[in-house]
Amino acid sequence: MMKRLAGLSCFLLVPWCFAATVRLTPDGWLRSPDANGGAIVCLEGTNALPSQPTNWPALRNYFAEFKDGIAVRPGLTNAPGFFRLRVFDLGGTNGHSNFVAAYSTLTTIAGAGGATGAGVNKWQAAFENGPATSAQLSRPHIALGDDAGNIYIADKDAHGIRKVRANGTIVTVAGTSVAGDGPDAPTTATSVALNQPNGLWVEGDGTFYILDLGNFKVRKVSTNGIANTLIVDGGLVTGRGLWVGGGGTFAMYSSGTVLRYWTIGSGITDYVTGFSDLGNISQNGTYATDRGANLVYRIVNPGVRVVVAGNGTAGAGIDGALATACPLNQVRGVWEIPSGGLLLATDNGSQVWYLDTTQHMHLLLNGSSANSSHGGDGAYFYNPGTLQISKARQVTLDREGNMLITEHDAGYVRKIRFLPK
């Protein structure tokens with residue numbers, strides 16, 4: 001279908017086996033009601049129609065999250081251009097292959113290795129404002145992104161929160177890089193000492209929250225760089241997962257065997273109990289990993305949980321298995337895919353898994369507990385027969401859909417680009 005608007009020539013096509021309706025709105029949005037939830041949509045564009053219909057450059061991928069379709073804005077100019085949307089269904093037998101095809105290159109975006117072991121602080125002042133891949137991280141736990149493309153890292157054993165800017169440089173944005181217990185009152189975040197920050201939550205505008213494990217606190221850092229303490233929980237133990245909502249008015253976090261919930265008006269309550277040893281929790285507090293039981297739970301209501309992955313054993317995972325029949329060796333990482341399914345990371349298993357919308361497991365990245373299994377930079381990510389990562393502590397998606405994997409012991413943050421190769 002050809003459309004011309006204000007000097008723009010746009011070719012809009014949604015392939016696959018259905019008749020799609022696609023339109024270009026006067027304000028430059030491409031809208032398709034057929035790109036429903038449970039799919040990935042690829043925006044492709046070119047200045048001249050290619051000789052082969054498959055040779056369209058991919059510009060950006062999107063998760064189709066809603067039942068009423070998707071709207072994307074390709075940033076059109078007055079120069080003639082041709083654009084199309086391709087829809088990749090994540091359901092049924094092609095769901096796994098379509099998900100894999102939506103991602104491409106594996107790279108390291110932060111970390112330079114170095115000494116390993118609990119309690120080893122490798123941070124140096126010389127790393128500030130330098131290349132993030134030249135900075136040594138000290139058992140990082142999680143990496144999350146904001147809307148501007150910055151990546152925030154909980155650098156646990158160096159007692160700081162690092163930010164990797166969009167230009168690839170790294171800077172400390174909270175903590176003094178020396179263990180301590182900074183003030184609770186509003187203070188410049190880089191003057192507030194932290195003690196083993198083990199959890200992190202980042203909002204789109206760059207506001208972030210820290211699970212300051214060694215100090216039994218959750219702290220907020222606003223966009224002006226000022227930190228203040230939200231929660232003091234003297235009973236906090238082995239906290240890892242953190243999710244904060246409502247602009248800091250409520251939060252969920254893990255504490256040993258208990259998933260806790262806090263609101264600004266009511267304080268702390270035990271939301272779900274009876275876990276063996278909690279790992280991370282997903283965005284919205286919908287899923288939680290129990291690394292001690294090798295299980296992943298969906299959190300239904302206060303006091304109610306349902307197993308969605310793992311058979312309770314720490315054996316080798318089974319590619320293609322039903323999720324609840326698949327061993328998960330100390331599963332720690334969990335993240336919801338916006339259009340359906342989960343990403344899971346196993347620590348002792350050193351693997352990243354895709355739980356598809358049909359409740360089956362697929363191995364995405366393979367590794368071992370040896371730091372030497374870190375590899376594969378610059379190559380297509382999907383090679384499950386090759387060791388590429390070590391000790392995966394958490395897996396998340398940044399705001400553009402890129403996959404972020406934290407290699408805890410080795411001290412790296414990896415990225416898989418959300419764009420076809």
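A pocket is an open set of points on a 1 Å grid over the protein atoms alone, with protein on both sides within 12 Å along at least five of seven lines; its lining residues have an atom within 4 Å of a point. The model is predicted: local features need pLDDT of at least 70, side-chain atom pairs count only at pLDDT 80 or more, and totals for chains, interfaces and linings use all residues. Residues are numbered from 1 along each chain as its sequence is written, and side-chain values use heavy atoms, with hydrogens and water left out.

**Stop 1: the second largest pocket**

Select Gly149, Ile151, Ala166, Asp398 and Lys415. Of the 20 lining residues, these lie nearest the centre of the second largest pocket. Its space is about 260 Å³, where a volume is the space filled by probe spheres set on grid points joined across faces, edges and corners. Colour the lining by class: seven nonpolar, six polar and seven charged residues. Here Ala, Val, Leu, Ile, Met, Phe, Trp, Tyr, Cys and Pro count as nonpolar, Asp, Glu, Lys and Arg as charged, and the others, Gly among them, as polar.

**Stop 2: the largest pocket**

The lining splits into 15 nonpolar, six polar and seven charged residues. Which strand gives the most to this lining? Select S6: it supplies five residues. Strands here are DSSP runs (E, at least two residues), numbered from the N terminus. Elements giving two or more residues to this lining include S6 (58-64), S10 (143-145) and S27 (331-336).

**Stop 3: a hairpin**

Move to S12 (160-164) and S13 (170-174). They pair antiparallel over four bridges; pairing requires at least two DSSP bridges between strands. Ile161 faces Ala174 in S13. Five residues separate the two strands of this hairpin, and Gly168 in the turn has a positive phi of about 90 degrees. Is S13 mostly covered or open? It is mostly covered, with five of its five residues buried (under 20% relative accessible area, 1.4 Å probe, protein chains only).

**Stop 4: an open sheet**

Select S23 to S26. The four strands run in the order S23-S24-S25-S26, with antiparallel pairing. S23 (278-281) and S26 (304-309) are the edge strands, each with a single partner, so one side of each has no neighbour in the sheet. Finish at S23 and S24 (287-290), which share two bridges. The partner of Ile281 there is Ala288 in S24.

How values were computed. On a 1 Å grid over the protein atoms alone, a cavity is a set of points where a 1.4 Å probe fits but cannot get out, and a pocket is an open set with protein on both sides within 12 Å along at least five of seven lines; lining residues have an atom within 4 Å of a point. Buried means under 20% relative accessible area, exposed over 50%, partly exposed in between (1.4 Å probe, protein chains only).
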